[in-house]
Amino acid sequence: MSRFDDALARFTAALDRLEACAEERAEHLAKTAGAEAELSLLKEERERLITRIAELEEESRSLAGLTAEVEDRLDSAITEIREALRHN
């Protein structure tokens, strides 16, 4: 083999290694882009869930207030009915 053939073989091997590294890098970038997109979607979903939880907490507080009001009205009605029954 001549020096030219040796140099050409080394050059070809170097190009093969460079190509393999470039392919690995491209795959890594594609995976990273996919992971970043998924992370972005998860963050958006998290924000939607946080908003929904806040809405549900507010609704729960409102319902608790209504429950207390209904309880008071029922207690008053029961008292009035008992008073009416005592007078009959």
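Me: What makes Arg-46 and Glu-47 a salt bridge?

Reply: In this predicted model, the closest N and O atoms of Arg-46 and Glu-47 are 3.3 Å apart. A salt bridge needs a side-chain nitrogen of Lys or Arg within 4 Å of a carboxyl oxygen of Asp or Glu, so the pair Arg-46 and Glu-47 qualifies. A search of the whole structure finds six salt bridges.

Me: Why is Glu-47 called partly exposed?

Reply: Its relative accessibility is 43%. Buried means under 20% and exposed means over 50%, so Glu-47 falls in between.

Me: How do you know that Glu-58 and Arg-61 meet in a salt bridge?

Reply: Their N to O distance is 3.0 Å, and the cut-off is 4 Å. Glu-58 and Arg-61 are three residues apart in helix 1, which means that about one helical turn separates them.

Me: What makes Arg-86 and Glu-83 a salt bridge?

Reply: The closest N and O atoms of Arg-86 and Glu-83 are 2.7 Å apart, within the 4 Å limit. Both residues lie in helix 1, about one turn apart. Arg-86 is exposed at 60%, while Glu-83 is partly exposed at 34%.

Me: Why is Phe-4 called exposed?

Reply: Phe-4 has 59% relative accessibility, and the term applies over 50%.

Terms used
Residues are numbered from 1 along each chain as its sequence is written. This is a predicted model: local features need pLDDT of at least 70, side-chain atom pairs count only at pLDDT 80 or more; totals for chains, interfaces and linings use all residues. Side-chain values use heavy atoms; hydrogens and water are left out. Buried means under 20% relative accessible area, exposed over 50%, partly exposed in between (1.4 Å probe, protein chains only). Helices (H or I, at least four residues) and strands (E, at least two) are DSSP runs, numbered from the N terminus.
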